[in-house]
Amino acid sequence: MVQEYQSPVRVYKHPFELIMAAYHRRFPKCPLIPVFVDSEIINESQSKDGSTLVTERRCMIDIDAPRLLKRIAGVDYLYFIQRNTLNRRDRTLHIEVHNETFSSRVIVRECCNYTVHPENEDWTCFEQTASLDIKSFFGFESTAEKIAMKQYASSIKKGKEIIEYYLRELEEEGVTYIPRWTLPVVSGTARVQLPPASSARTIPAKGAKNGLDSKDPACLTEPVVGSPDDKLDADYIRRYLGDLTPLQESCLIRLRQWLQENHKGKIPKDQHVLRFLRARDFSLDKAREFLCQSLTWRKQHQVDFLLDTWKRPQLLQDYYSGGWHHHDRDGRPLYILRLGQMDTKGLVRAMGEEVLLRQVLSINEEGLRRCEENTRVFGRPISCWTCLVDLEGLNMRHLWRPGVKALLRIIEVVEANYPETLGRLLILRAPRVFPVLWTLVSPLIDENTRKKFLVYAGNDYQGPGGLVDYIHKEIIPDFLGGDCMCDIPEGGMVPKSLYRTAEELESEENRLLTDSIYKSASIFKGAPYEMLIEITEASSVITWDFDVSKGDVIFNIYHSKRAPQPAKRDTLGAHGITSLGAVNAQLIDRSWLLGKDYSMVEKALTCREGESVQGSHITRWPGFYILQWRFHSSPACSASSLPRVDDVLASLQVSSHKCKIMYYTEVLASHDFRGSMTSLESSHSGFSQLSAATTSSSQSHASSTISR
């Protein structure tokens, strides 16, 4: 497996020439890097005008590895070839490194660049990428990989410290300025001082935006941290995200770049992306899959607009006993929930699960917003909040089965879409019935989250090690013995006159889904999902947008002059068991012949799990058009070939003969469409790391694009 590293852009607030003077002091050996034993120049060349200097070095490295492993490998030192290209005119240094030792077994590549800051010519940017591919290493591939990554992470961390060390050394020697390179003057001609050319180019980031925010580069004299638009600045990461290890920074940057290149729609903020990485211990593939599932969910339920579009019912405002209350000692937003005073049964009977779920989602969205605000206010990264739950009054009524079911569902949704947002949970005045409730809900809570729970029985929270250790005394609510008035509803019993009938509650089930413009469908092996669209006017336009959330599907569009009749549901035997083929109503009759009773109007399109497909079809004739999604199984590998990695991964993820899609379709009348073909251009998006290439299908009258 290839291990990759991508650094953020590190900014030195010193001119390029001074940085180069400090950099060259690292050679031939650097006492600050014990593993860097020695180096020698094996080749050096310079351009005629002296603007470009190319230096090749052979570097000796002493890897901190077990002596036994070194003996097995038969070496004491590793040798690397470093090629430096210094362009004094453009003020750039390009560094390429590859391994000489074990080059047939291990492939190491590193690329570093020193460039001028795009908005301040007196600053210097540094960026670094590297890859490690261990093909074979005497049966110790995993051990060698761990040692190499640990050693590399350690040297990355010291890199900036070393440059700053030599900068201080230069300053102590009185060297604080080095003039820029100028073109040498030809003898016998008038001396002309040419202004140096500066390559103050944008920070290379594969889609990242410009660097530090500033409208006037001349004013950039004070230390500046990055802005949310400056995604790859090391100062920005430290200021808004906290201290990350080099490899953690690399995971964040690579996942961010993948989203910028593959995901259509709103890109989540870095703080939110980092939460998903932390939830999966910075496993890039696992975090990417986890995040993509959440992004699909957010798109389906329009969660990004929840705070602006959803208004809490008055019933919730009166009887939901929870609200935000200042912050804890660490600056985290503090949410207080008086669960013991809340009539959970009454709220569920009066409003249903969906309204309560929306309420909890709005609390989490507000929590994300407050974390950003507190990060700015306190000047340090704050990515999670503290929740205080008061259980005084909790009794068997709270264990009402539908209420517990609603609670379990809410916990499941929150765990899947808001990881690492809970910094601490303080449970106060837990009664005897609490262990029963805890036994029911704890299996659904992530183990890392459970470690953040602190439970206090009775009045234990008032003593040493209690509430005052986490919350300032002056903001402890009055109902907990403090002096601060807490503007949170006291809850109380919901009047039974407000209860809704079972039929009313059932009709509102899945409102989060039906409120979305997107619909969901399941596709089974042997039972495609089909949608009928009647067209009365030729040249109308059928448009579609669908996401494949599970499995692989084949998308088709058919035309028929006669109206299809859905097949009747059949049964298996006399037991009334519905067959698999009857799960979805079939519009295309099995007796129909392709080319006679109906025709295919667009080439079949294979869509992989995680892909988003947008497209349009201009209808040639009136009649009935059928959009069909069929289950797609990868063809079996031939006996002479090995299975593809993508096929193996797909087979692991799709454990049953079932696929899922989320789709939206719309028909545009011909008079609305004429002259606006560009408005129907297919767009790109992607949700799955399994997708690696882009496939498109287009005909003269149809257009559909898959993005991965």
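Which residues lie nearest the centre of the second largest pocket? The first legend gives the answer.

**View 1. Lining of the second largest pocket in the predicted model.** Leu337, Val360, Leu407, Ile410 and Ile411 lie nearest the pocket centre. They belong to a lining of 45 residues. The second largest pocket has a volume of about 1200 Å³. By class, its lining has 34 nonpolar, 6 polar and 5 charged residues.

**View 2. Elements around the second largest pocket.** Helix 12 provides the largest share of the lining, 8 residues.

**View 3. Strand 22 and its two antiparallel partners.** Strand 22 spans residues 623–632 and is mostly covered. Of its 10 residues, 9 are buried. Strand 15 (residues 529–535) pairs with strand 22 in the antiparallel sense over 7 bridges. Within that pairing, Glu534 has Phe624 of strand 22 as its bridge partner. Strand 17 (residues 552–560) also pairs with strand 22 in the antiparallel sense, over 9 bridges. Here, the bridge partner of Asn556 is Gln628 of strand 22.

View 4. Is Ile81 buried or exposed? Its relative accessible area is 10%, under the 20% cut-off, so Ile81 counts as buried. Beyond residues up to four places away in sequence, Ile81 touches Ile42, Glu56, Arg57, Arg58, Glu96, Val97, His98 and Glu100. Ser39 is 42 residues from Ile81 along the chain, and their C-alpha atoms are separated by 9.5 Å.

**View 5. Confidence across the predicted model.** The mean pLDDT of the protein is 78. A value of 70 or more is reached by 77% of the residues. Among the elements, strand 10 has the highest mean pLDDT, 95. Strand 24 (residues 696–699) has the lowest, 34. Over residues 189–231, pLDDT stays under 50. The model has 84 contacts for residues 189–231 beyond four places in sequence. Residues 512–516 also have pLDDT below 50. That stretch has 13 contacts in the model beyond near neighbours in sequence.

Note on methods:
Residues are numbered from 1 along each chain as its sequence is written. This is a predicted model: local features need pLDDT of at least 70, side-chain atom pairs count only at pLDDT 80 or more; totals for chains, interfaces and linings use all residues. Side-chain values use heavy atoms; hydrogens and water are left out. On a 1 Å grid over the protein atoms alone, a cavity is a set of points where a 1.4 Å probe fits but cannot get out, and a pocket is an open set with protein on both sides within 12 Å along at least five of seven lines; lining residues have an atom within 4 Å of a point. Grid points are joined across faces, edges and corners, and a volume is the space filled by probe spheres set on the points. Helices (H or I, at least four residues) and strands (E, at least two) are DSSP runs, numbered from the N terminus. Ala, Val, Leu, Ile, Met, Phe, Trp, Tyr, Cys and Pro count as nonpolar, Asp, Glu, Lys and Arg as charged, and the others, Gly among them, as polar. Buried means under 20% relative accessible area, exposed over 50%, partly exposed in between (1.4 Å probe, protein chains only). Two strands pair if DSSP finds at least two bridges between them. pLDDT is the predictor's confidence in each residue, from 0 to 100. Contact means heavy atoms within 4.5 Å.
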